[in-house]
Amino acid sequence: MDVANGLRWISTAYDLGYTFTLCEGIGPRDLLARMGAEPHHLHELSDDVVAELQMRPEDGHLSDLDFLDREDESLVARLTEAGFLSHPAVLVRAGAVPGWAYAIENITSRAPAHLAALSHGTRAYTVFRSVNGEHEVGYAVNGRVLAYYQPQVGHSAGAGGEPGVPGFGYCGEELPDVTFLRFLEREHGIHVSWEAFRAPLPTAAFARGS
């Protein structure tokens, strides 16, 4: 995998779709709390562990989870209480780069519904690609969503009629999510290394309807 492209590797790492979110000037745990997570329910999980939890069958047993030491009753209890072992609908991992916190969701898209809260007192960006190839990008400042739209279709203005994400334009030469990740690299000099990303990061589990 080519990891020299700042953020663009994310678009190839999640072939079933993903959501990537950036918030300026806050920490990863604050980001997850703004998405509705309980701070005491966060656990540091690796990318592989999250994938294992997501692939676990609905009728699966704890023995299906290679990472879990079932004899560690305290850990099992904590993960159960936090919702990780109850087939959560959404799992979100969050990390940090200088000046920013980021979050990644494999397949799901919880962040856009919380974009206003994520931007409280700051600014936030989000990009979503579905398994069906739908693409959406968003931008919010100080609790107000200024833009959320499909770049390949056109702009869906925010409450004040703003046309789109400032500084971002889509010309159709590559997939919209790749163009947006490239924009974030260029605009803010952001790079997330593959090694740091795969390591354990603060993670939140969200049940269906939460």
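Helix 3 gives the largest share of the lining of the largest pocket, 6 residues. Helices here are DSSP runs of H or I with at least four residues, strands are runs of E with at least two, and both are numbered from the N terminus. The model is predicted, so local features need pLDDT of at least 70 and side-chain atom pairs pLDDT 80 or more, while totals for chains, interfaces and linings use all residues. Residues are numbered from 1 along each chain as its sequence is written, and side-chain values use heavy atoms, without hydrogens and water.

Let's stay with that pocket. It holds about 260 Å³ of space. Of its 16 lining residues, Tyr14, Ala51, Gln54, Asn106 and Ile107 are the closest to its centre. A pocket is an open set of points on a 1 Å grid over the protein atoms alone, where a 1.4 Å probe fits, with protein on both sides within 12 Å along at least five of seven lines; lining residues have an atom within 4 Å of a point. Volume is the space filled by probe spheres set on the points, which are joined across faces, edges and corners.

Most residues other than glycine have a negative phi. Asn142, in the loop between strand 6 (135–141) and strand 7 (144–149), likewise has a positive phi, of about 50 degrees.
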